[in-house]
Amino acid sequence: MTLNDRSSTLSLLESRRSGRPRDMVAPGPSDEDLQRILTIAARTPDHGKLAPWRFVTVGTNKRQALADLLARALPAHDPEATAAHFAKALEFAHQAPTLVVVIAAPVEGHKIPVWEQQLSCGAVAMNLLHATHALGFVGGWITGWAAYSERVRAAFCEPGERIAGFLFLGTPRLPLEERPRPALETIVRRWTPQTD
């Protein structure tokens, strides 16, 4: 099976596979490619036209600043963090050529429930991955402790916002490998109305 097969739209959807950010190398999307990716990402279901999400791009010249932020935030997450944990945070900050942080920015108190706005944010991130793969790159959506760190959140988000994920984009250094997918019979059922 060819993964991320771009021969047709359906082939791409049927073969979509994320890549491991630590295995991504240059080239990543150009500035023009990234603009196109983000434009496509924003074409997502959005009840109420609220755009309850944001994108924060982290340039290669800002990756060390991100690594420094993670190093300062790590002790609050893990007071017993070892040198290996700090090294992993450094690697996280520098992996893949392109990094987009997707921010959930729900509009509180609106008639559109926050849950629906959060679903829209997830759809934006998925659209971002689809656009990345359609352009011939590979993407990986990562959360991990950094996405839930208050210190990291404050560096990227406005009040009331949160990090939905770090989306790393680039070219796979190694061939992508398929992973197990759920059998449809385990996740699909026909609805049967209950009788009173």
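Helices here are DSSP runs of H or I with at least four residues, strands are runs of E with at least two, and both are numbered from the N terminus. This is a predicted model, so to speak of local features a pLDDT of at least 70 is needed, side-chain atom pairs count only at pLDDT 80 or more, and totals for chains, interfaces and linings use all residues. Residues are numbered from 1 along each chain as its sequence is written, and side-chain values use heavy atoms, with hydrogens and water left out.

On that count the protein has eight helices and five strands, which run α-β-α-β-α-α-β-α-β-α-α-β-α from the N terminus on. The C-alpha trace spans about 60 × 45 × 35 Å along its principal axes. Of the 196 residues, 39% count as buried, meaning under 20% relative accessible area with a 1.4 Å probe and protein chains only (exposed is over 50%, partly exposed is in between). The accessible surface, taken with the Shrake-Rupley method and a 1.4 Å probe, comes to about 12,000 Å², and 54% of that belongs to carbon and sulfur atoms. As for contacts (heavy atoms within 4.5 Å), those between residues at least 6 apart in sequence join residues at least 24 apart in 77% of cases.

Helix 5 covers residues 114-134. Buried residues in helix 5 include Gln-117, Cys-121, Val-124, Asn-127, Leu-128 and His-133. Among the elements that cover the buried residues of helix 5 are helix 1, helix 2 (31-41), strand 4 (138-142) and strand 5. After helix 5 comes Gly-136, with a positive phi near 95°.

His-133 sits in helix 5 and counts as buried because its relative accessibility is 0%. Beyond its neighbours within four places in sequence, His-133 touches Asn-4, Arg-6, Leu-12, Arg-16, Arg-17, Ser-18, Val-138 and Gly-139. Asn-4, for its part, lies in the segment before helix 1 (9-15) and is also buried, at 11% relative accessibility. With neighbours within four places again set aside, the contacts of Asn-4 include Leu-12, Ser-15, His-133 and Leu-176. Asn-4 and Leu-99 are 95 residues apart in sequence, and their C-alpha atoms are 20 Å apart in space.

Helix 3 (residues 63-77) has 15 residues that should span 21 Å, and its end C-alpha atoms, at 20 Å apart, agree with that. Arg-63, Leu-66, Ala-67, Leu-69, Leu-70, Ala-73 and Leu-74 are buried in this helix. Their cover includes strand 2 (53-58), helix 4 (83-94), strand 3 (98-104) and helix 7 (150-156).

Then there is the largest pocket, with about 380 Å³ of space. Of its 17 lining residues, Lys-88, Phe-92, Gln-95, Ile-142 and Trp-145 are the closest to the centre. A pocket is an open set of points on a 1 Å grid over the protein atoms alone, where a 1.4 Å probe fits, with protein on both sides within 12 Å along at least five of seven lines; lining residues have an atom within 4 Å of a point. Points are joined across faces, edges and corners, and the volume is the space filled by probe spheres set on them. Helix 4 gives the largest share of the lining, five residues, while helix 3, helix 4 and helix 6 each supply at least two.

Methods: The expected span of a helix is 1.5 Å times one less than its number of residues.
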